Amino acid sequence: MPEGPEIRRAADSLEAAIKGKPLTGVWFAFPQLAQYQSLLVGQTVTHIETRGKALLTHFSGGLTLYSHNQLYGVWRVVEAGTLPDTTRVLRVKLQTAEKAILLYSASDIEMLTAEQLATHPFLQRVGPDVLDMALTPECVRARLLLPRFRNRQFSGLLLDQAFLAGLGNYLRVEILWQVGLTAQHKASGLSDAQLDALCHALLEIPRLSYRTRGNADDNKHHGALFRFKVFHRDGETCERCGGIIAKTLQASRPFYWCPGCQH
C-alpha cells in the first residue's frame, strides 16, 4: 500500500497537471456530489494538500474535495477528453483545457466547506504529516512523549496515523533500523540520545523517500526503486554489522530487522 511519500508524489503530479488552470469539466460518480459539478466549472485548483493517505484538493471558490484512496483508490493524469482503458471504476474527473485528473476505485470522497474541513472526523484524528516541512524533530519529540504515545511499542505506534500521518510499514522498519531499535522499544525507555536520533529519523527517512524514489510504476503499489536497508531483504547481509536480516510479524504486518545491531 502506498505510504506518505507516494501519496505526496501523486499530489505533486496532479498539481502539475491542473493547478491554477480553469476547470472546463467536472464529474462525480456519487449523486450527492453532482450538485458541485457546474459550480466548480471555471474555478481553479489552488493546491492539493496531503494528510497521510488523504488528499485535500482545494478550489478557488473555497470548497475542498476530500478523498482517501483506502486500499484500491488511484489517481491518473491524462490528456483532456481521453479515458484510459481500464477495468477500474471512475469516481472523479477534474478537467482543464489540456489535462484531466481522474480518481478510480475510491469510495471515501466528500466535498467540504472550510468549516466542515476544520471538524472532519478523520482529519481531526490523524497526527501531523511527516512531509509537512514545518514539522520539526522537536515537535515530534514532544508528541512522542505524550502520555498516550510514550508507553506504546513502536511496532504499533509507527503504523498509527494518529501519531504521525504518512508513516507505513516500509518506513517503520527502515526508521527503526536506522536508529538501531527494535519493534518492542517504547519512547519512555529511551535515552536522550536515542530519542533525538529517532525523532530525526521519523522525519528524515520519509522525506528521503519522497525526494529519491524516482518515477512511480503504476503497476506496483510501492512505485519506483528505492534502496531499502532491511525492507524485503530477509536472509541478506546487514550493511552495518554484517548480520543476517530477519523477518517476522509485528502488529500483523511483515517486519524486517537485523538482530545483530537492533537491540
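Gln161 counts as buried, because its relative accessibility is 18%. Buried means under 20% relative accessible area, exposed means over 50%, and partly exposed lies in between (1.4 Å probe, protein chains only). This is a predicted model, in which local features need pLDDT of at least 70 and side-chain atom pairs count only at pLDDT 80 or more, while totals for chains, interfaces and linings use all residues. Residues are numbered from 1 along each chain as its sequence is written, and side-chain values use heavy atoms, with hydrogens and water left out.

## Around Gln161

Gln161 sits in the loop between α7 (154-157) and α8 (169-179). Helices (H or I, at least four residues) and strands (E, at least two) are DSSP runs, numbered from the N terminus. The side chain of Gln161 reaches the backbone oxygen of Leu167 at 2.8 Å. What else does Gln161 contact, leaving aside its neighbours within four places in sequence? The partners are Gly52, Val126, Gly127, Gly166 and Leu167. Contact means heavy atoms within 4.5 Å.

## Two domains

The protein is divided into domain 1 (4-125) and domain 2 (137-213 + 225-257). These bounds come from an automatic or database domain assignment. The domain centres, taken over C-alpha atoms, are 31 Å apart. Nine residues of domain 1 are in contact with ten residues of domain 2.

Together the two domains bury about 750 Å² between them, and 56% of it is on carbon and sulfur atoms. Buried area is the accessible area (1.4 Å probe) that two parts lose on being put together, summed over both. On the side of domain 1, Pro5, Glu6 and Arg9 lose the most area to domain 2. Together they make up 48% of what that side buries.

How many salt bridges run between domain 1 and domain 2? The count is zero. Polar contacts do occur there: five residue pairs, both residues at pLDDT 80 or more. A polar contact is a pair of N or O atoms within 3.5 Å; within protein, one must be able to donate a hydrogen and the other to accept it, and residues adjacent in sequence count only if both atoms are side-chain atoms.

Helix α1 (residues 4-18) gives the largest share of the side of domain 1 that touches domain 2, six residues. That side divides into one nonpolar, two polar and six charged residues. Here Ala, Val, Leu, Ile, Met, Phe, Trp, Tyr, Cys and Pro count as nonpolar, Asp, Glu, Lys and Arg as charged, and the others, Gly among them, as polar.

Helix α8 is mostly covered, with ten of its eleven residues buried. Among them are Tyr170, Leu171, Ile175 and Trp177. The buried residues of α8 pack against α1, α7, α9, β9 and β10. Just after α8, Gly180 takes a positive phi of about 70 degrees.

Leu198 is found in helix α9. Is Leu198 buried or exposed? Leu198 is buried, because its relative accessible area is 0%. Beyond its neighbours within four places in sequence, Leu198 is in contact with Leu144, Phe154, Ile175, Val179 and Leu190. Gly62 is 136 residues from Leu198 in sequence, and 38 Å from it in space, C-alpha to C-alpha.

## Salt bridges

A salt bridge is a side-chain nitrogen of Lys or Arg within 4 Å of a carboxyl oxygen of Asp or Glu. By this rule the count comes to nine. The table lists some of them.

| Pair | N to O distance |
|---|---|
| Glu15 and Arg8 | 3.8 Å |
| Arg141 and Asp192 | 3.1 Å |
| Asp160 and Arg152 | 2.7 Å |

Glu15 and Arg8 are both buried. Arg141 lies in helix α5 (residues 137-144) and Asp192 in helix α9, so the pair ties together parts that are 51 residues apart in sequence. Arg141 counts as partly exposed at 27% relative accessibility, whereas Asp192 is exposed at 54%. Asp160 is partly exposed at 21%. Arg152 is also partly exposed, with a relative accessible area of 30%. Salt bridges that share partners join Arg8, Asp12 and Glu15 into one network.

## Positive phi in loops

His232 has a positive phi of about 60 degrees although it is not a glycine. His232 lies in the loop between α9 (192-212) and β9 (246-250). Ser252 is not a glycine either, and has a positive phi of about 65 degrees. Ser252 is in the loop between β9 and β10 (253-257). Ser252 counts as exposed, because its relative accessibility is 69%.
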